[in-house]
Amino acid sequence: MVPRWVRWMLLSAFFGLAPSIRSKHPPGVSLGRSFLPRAVAFNTEGRFQRGAPPSEATPHGASMVPIYRGMSLVSETATGELEPVLLSSEQVQMGEASWLGTAEESSALAELQRKASHRLGSGFWMLDVSNCFDQAPSLSDLGLREDFNASPSVSSTSAQWHKLRSRAGASVVDRLASEDYAALLAVAAGMSAWHRSVRFCATCGAPTEAVRSGLQRQCCQCGSRFRPRVDPAMLVLVTDGDRCLLGRKASWPAGRFSALAGFVEFGETLEECVIREVREESGVLVDPKSICFVASQPWLFPRSLLLGFTAKPVSTEIKLTEELEDVKWFEADYIEACLAEADDIDASDTRFNIPSRTSLANSLIHGWLQSIRAQK
Ligand SMILES: [Zn+2]
């Protein structure tokens, strides 16, 4: 059952009952919370907290999230879902560690720590073991017993290294048993990718080293400091009554369409970015007053922050440019019918499909479909 305030927000946003989703918040809903009818992956709503690192490096009982050359270590549960494999700060005397955060509010992550016999609430670190092994290390290479996991439902052979994302079909992120697992693994993989990208100083070219519990890197020669940065990118679902504007890139899996998107240019506001990207990618002109912020999603592949909007057009004629392979207006009924049979879509399928359920685009499209259904 969709909460009443969610229906109110969706109806208001899509049918102009309120001026803007930005300025109208129903009682009890704080700014910054998702307005979507379903959770967006990587959004832990504060259960997984970043923040200042502990004063001592990798304190006793801390949980390490291992990364090997961009891959995460996951194991399969009895229900076929995936969960992260954690190492303990006592077991592992190798690799480069970076502070990730604490998760005292997360029952899923606390359970993971409890099963691994780690100290609850002692925090999570990324541990990059890429330079320690020529090929992906086994559990015993990492100092883990074969029965590393206290859960009898997990067999030791089910722990494997995987990239979190795959181009088509269900990826590791889609199969994780908890949103909090997705957030933990994504921020660990993103942190590892950032460290690898800042090996040398942008000012003088000398090598850098990790400082401040791995939250920064510092040049060994001139002392310049570097911190992880995110690239803001916007995603917009342009809707016109019962239809919405979706596009596809030539490089995407066959049949894949999504909301229009683009990186924010230097010196540009988010609203200007929405207007420019929609015009560049489709020729459609957006009504600036109709632009509404809906939700955000960290997309650390490698380091974006997606900002999701809805908007309405002032002109609907499509002029295709070289940016996208195709852009079309899609009727809600057509999308609903396609998605109803989309569960069995795999990488080789060419039927219409949208990004996976862990994406912000998927949430924007489903939120809009829900508002259309609510009106009928
Ligand atoms: Zn330097």
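Author: Two strands pair if DSSP finds at least two bridges between them. The model is predicted.

Reader: What makes E8 and E9 a pair?

Author: Strand E8 (residues 208-211) and E9 share four bridges, in the antiparallel sense. The cut-off is at least two bridges, so E8 and E9 pair. Glu-209 stands opposite Gln-218 in E9. Their hairpin has four residues between the strands, and there Arg-212 takes a positive phi near 50°.

Reader: How do you know that E9 and strand E10 pair?

Author: E9 and E10 (residues 225-226) have two bridges, again antiparallel. At least two are required, so E9 and E10 pair. Across from Arg-225 in E10 stands Gln-218. Arg-217 faces Phe-226 in E10. Five residues lie between the strands of this hairpin, and Gly-223 has a positive phi near 85°.

Reader: What is the strand order in the open sheet?

Author: The order is E8-E9-E10, with antiparallel pairing. E8 and E10 are the edge strands, as each pairs on one side only.

Reader: How do you know that the length of helix H7 agrees with its residue count?

Author: H7 (residues 360-375) has 16 residues. At 1.5 Å a residue, they should span 22 Å. The end C-alpha atoms are 23 Å apart, so the two values agree. Among the buried residues of H7 are Leu-360, Trp-368 and Ile-372.

How values were computed: Residues are numbered from 1 along each chain as its sequence is written. This is a predicted model: local features need pLDDT of at least 70, side-chain atom pairs count only at pLDDT 80 or more; totals for chains, interfaces and linings use all residues. The expected span of a helix is 1.5 Å times one less than its number of residues. A residue is buried if 20 or more other C-beta atoms lie within 10 Å of its own, exposed if 12 or fewer, and partly exposed in between; C-beta atoms are placed from the backbone.
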